[in-house]
Amino acid sequence: MSAESKTTTPRSCDVLIAGGGFVGLALSLALAKLMGPDFRIVLVDVERLDPASLGQSDARASALSAGTAHLLQALGVWPALEAKAQAFISIEITDSPLDADLRPHLVGFDAELQPGEPGAFMVENTDLRRALAEAVLAQPAIEIIAPDS
């Protein structure tokens, strides 16, 4: 069957979000929480939003600012990430090899905003995407359009 001959039921929504990456997932959650249950959100992605299989082959990690951690806290996602997040308490930048006898740093700074409050966190992408996906799937105001959904 060609794409032109496929019939679909017209749908309406208040906002359509294209892309189920970190930003699309966080935006859909924020809108659902801010706008209430009558605000219809549609999230469209090319991948099925399945927390069990999301990012299994993704070995990357992301640095999240304290502001991002606060946003994730407001969205109810940070508790699922907090235990796995590695806080930055200081950062030193150098251009020396790791095995150099002398490694002078070019730039360094403490990464605490207030005593005991890290300025950033390192989080594995798999954990972040899974936590966001689980929160999105729990929101009845968000409709997901993806293969096999």
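Tutor: Buried means under 20% relative accessible area. Keep that cut-off at hand for this predicted model.

Student: Why is D127 called buried?

Tutor: The relative accessible area of D127 is 14%. The cut-off is under 20%. So D127 counts as buried. D127 sits in helix 4.

Student: Which residues does D127 contact, leaving aside neighbours within four places in sequence?

Tutor: L81 and K84.

Student: What makes D127 and K84 a salt bridge?

Tutor: Their closest N and O atoms are 3.5 Å apart. The limit is 4 Å, between a side-chain nitrogen of Lys or Arg and a carboxyl oxygen of Asp or Glu. So the pair qualifies as a salt bridge. The pair links distant parts of the chain. D127 is in helix 4, while K84 is in the loop between helix 3 (78-81) and strand 4 (86-88), 43 residues apart.

Student: Is K84 buried or exposed?

Tutor: K84 has 54% relative accessibility. Exposed starts over 50%. So K84 counts as exposed, whereas D127 is buried.

Student: Why is R48 called partly exposed?

Tutor: R48 has 45% relative accessibility. Partly exposed falls between the buried limit of 20% and the exposed limit of 50%. So R48 is partly exposed. The side chain of R48 forms a salt bridge with D50, at 3.6 Å from N to O.

Student: How many salt bridges does the structure hold?

Tutor: It holds 5. One of them joins the side chains of R129 and D45, at 3.7 Å from N to O. R129 lies in helix 4 and D45 in the loop between strand 2 (41-44) and strand 3 (61-65), so this pair ties together parts 84 residues apart in sequence. R129 and D45 are both buried. A network of salt bridges links D45, E47 and R129.

Student: What makes helix 1 roughly parallel to helix 4?

Tutor: The axes of helix 1 (residues 22-35) and helix 4 (residues 125-137) cross at roughly 30°. Angles under 35 degrees count as roughly parallel. So helix 1 is roughly parallel to helix 4. Their axes come within 9 Å. The crossing is left-handed.

Student: Which residues make the contact between helix 1 and helix 4?

Tutor: Helix 1 contributes F22, L25, A26, S28 and L29. Helix 4 contributes N125, L128, R129, L132, A133, A135 and V136. By class, this contact has 9 nonpolar, 2 polar and 1 charged residues.

Conventions: Residues are numbered from 1 along each chain as its sequence is written. This is a predicted model: local features need pLDDT of at least 70, side-chain atom pairs count only at pLDDT 80 or more; totals for chains, interfaces and linings use all residues. Side-chain values use heavy atoms; hydrogens and water are left out. Axes are lines fitted to C-alpha atoms, for helices over the stretch in contact, and angles run from 0 to 180 degrees between N-to-C directions. Helices (H or I, at least four residues) and strands (E, at least two) are DSSP runs, numbered from the N terminus. Angles under 35 degrees count as roughly parallel, over 145 as roughly antiparallel, 65 to 115 as roughly perpendicular and the rest as oblique. A crossing is left-handed if the near helix is turned anticlockwise from the far one by less than a right angle, and right-handed if clockwise. Contact means heavy atoms within 4.5 Å. Ala, Val, Leu, Ile, Met, Phe, Trp, Tyr, Cys and Pro count as nonpolar, Asp, Glu, Lys and Arg as charged, and the others, Gly among them, as polar. Buried means under 20% relative accessible area, exposed over 50%, partly exposed in between (1.4 Å probe, protein chains only).
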